[in-house]
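This report goes through selected features of the structure shown below. Please keep the sequence at hand while reading.

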Amino acid sequence: MNRGNRVALACCYWALVVYVFVPLILMIVMGFKDSKFIGFPIQSWTLDWYAGVFSDAEVLYTFGYSVLIAVLSTLISVIVGTWIAVLLEGRKFWGRAVMFGLMVLPALVPGIISAIAFRIYARWLGIEPGIGAIIWAHAVHNVPFVSLVVMARLSTLPKSQIEAARDLGADALIAFMRVTLPYLVPAILGASVFCLLLSFDDFVRSFFLGGYEPTLPVLIFAMLRSGMSPEINAIATAALVLTAAIGIWAERFTRQNSKESQV
Amino acid sequence: MTYDASVQKDGDDSTTSGGSRPFWGRVVNWRPYQGLVAIVTVSPRRQFFILVAFPVLWLLTQHLGPMLQMLHVSLLDAYPVAPGTAHTFTFDNYMRFLGDRIFWQPFFRTLTFAAVFTFCTLIITYPVAYFLARHVSRKNRMLMLLLLLIPFWVGEIVRTYAIMILLGNTGAVNQVLKWVGLIDRPIPFMYTSFSMGVGIVYLTALYMLLPLYSALEKLPKSYNEAAADLGAGAWTRFRRVTLPLTLEGISSGCTLVFLISTGFYATPVLLGGPSTTVFAETIAGFFHVAGDEWPTGAAFAVIMFAGALAITGVFQRLMKALRKGDTA
């Protein structure tokens, strides 16, 4: 009975693994097919699509453009998100619950509504659609993720460490810089990678706030509207490799770090 | 500054923080820094206000501001307001929604689809979370979870495209079915609510899996053993112990996935067809054309957010009642 249960549950797990991996593997495979036509059967293989895509200045530019947006928006999110987390964690004050609610709001608003709200607000502020508007929208949208991760880490910092620093004569600022901040580094790095990926992968905000220059997801979307093609597979695969590699690296890094801090 | 003096005396400090000591020592003795500290630390009260001022400003202007401005625009008769003319407040934009079938049909379709897809996600991920939390050793658990995480770092558009390739007429699913001999001609999966469902469940599964997993992991095994000792069978144990105690995880996972599902724009555009137009596409339509349609689009976005929040609110109430009923 118990054993049958276990096998059935294991099947559920592996079925989910198949569900989430097979589409991506198929997409990667199709990028090497020597035909304009996406689908089976595959007769011969080629690297031409990759060669074409990587010598296309527009695609390369879009790649760089997306990375730039991701990096700049992440910088803003990390600073603001950490600041908010330090304020909210472990303190009791009037209005804290409201502030917490406001903090998580951008993460809970459904994608299209968030994009529309940012679009309207950007116009009201006089921000033209383009790189500035996208960076701003991504930064605001990602703040809650940083705050939540940093708050979780901060809640495990023993208060005695700060008190010890203060007893040794450190003022609040020095205590923060030399005790709190180093303790938060793994959380901040983890959150940064998450923000980078969120921004790099984001479609809906980039689509509604972008000007004439598309980010990578917007470019893929625009190409898809005029039909599937192996070039899209090549671009999407490149994006996939980049995001998965960063994700895996970050996962390993944070795991190593948390192991060290446990010792 | 006592800090500097204490560092000078403290010999051990150099072994832990290496070359940073002179740096911090210099910072502490730097006049502008001392001035700053003097201003900031006059009283704990002022310290707190300085810490609080920026976050409050940010939250109000950046997190709340866009939502309020959207609400504001939804009540205007025209936007942007032409210079020199007075704008008037009106509910016409909201009335327009009620007046036309092509508006409220996608609205109810979106909410229904989101509810159905959320339920599917729950059914698919619950056994997986249960398996990981209960039947896998602690060491393998993280690896097996990580394996599922990898595809979720890949973007929405790329994964949607992958589903297009999977379900197309010459896609893998149709090829396999043909090869097995179940079908002669391809089944048109694409551009239906089915393909949309496959895509959206794919995109949201992780947001369901993680809350369920953490809820199941927190649940002590001894509860189940106690129930078994008292003679409860496997099904009874699940229904009377495990399920009630993970309702909180189910509730938060479903809320998150439902809200995310209502907000998809690109996935329904690419995977859905004319018969599956969702409200996000309706809203987006008002922003592609010239600016004077913005108030209607804003009103529709407000309607959608309110609708989604109302449903999650009712759902959470129900779950709470269910939790209380079970423990009583």
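## Domains of chain B

Domain bounds here come from an automatic or database domain assignment. On that basis chain B has a domain 1, covering 2–74, and a domain 2, covering 92–327. The centres of domain 1 of chain B and domain 2 of chain B, taken over C-alpha atoms, are 42 Å apart. Four residues from domain 1 of chain B and seven residues from domain 2 of chain B make up the contact, where contact requires C-beta atoms, placed from the backbone, to lie within 7 Å.

On the side of domain 1 of chain B that touches domain 2 of chain B, three residues are nonpolar, one is polar and none is charged. In this scheme Ala, Val, Leu, Ile, Met, Phe, Trp, Tyr, Cys and Pro are nonpolar, Asp, Glu, Lys and Arg are charged, and the others, Gly among them, are polar.

## Basis of the model

The model is predicted: local features need pLDDT of at least 70 and side-chain atom pairs count only at pLDDT 80 or more, while totals for chains, interfaces and linings use all residues. Residues are numbered from 1 along each chain as its sequence is written, with chains lettered from A and ligands numbered from 1 in the order in which they are written.

## Contact between the chains

Chain B places 74 residues in contact with 71 residues of chain A. The most on the chain B side comes from helix α5 (residues 44–74), with 16 residues. Helices are DSSP runs (H or I, at least four residues), numbered from the N terminus. By class, the side of chain B that touches chain A holds 55 nonpolar, 17 polar and two charged residues.

## Helix α1 of chain A

Helix α1 of chain A runs over residues 2–30.

Buried residues in α1(A) are A:Y13, A:V20, A:P23, A:L24, A:L26, A:M27 and A:M30. Buried means 20 or more other C-beta atoms within 10 Å of the residue's own, exposed 12 or fewer, and partly exposed in between, with C-beta atoms placed from the backbone.

B:R237 sits in helix α13 (residues 234–245) of chain B. B:R237 is partly exposed because it has 18 C-beta neighbours inside 10 Å.

B:Y191 lies in the loop between α10 (172–180) and α11 (193–218) of chain B. The phi of B:Y191 is near 60°, a positive value in a residue other than glycine.

Technical notes. Helix = DSSP H or I, 4+ residues; strand = E, 2+ residues; numbered from the N terminus. Expected span 1.5 Å × (residues − 1). Contact = placed C-beta atoms within 7 Å.
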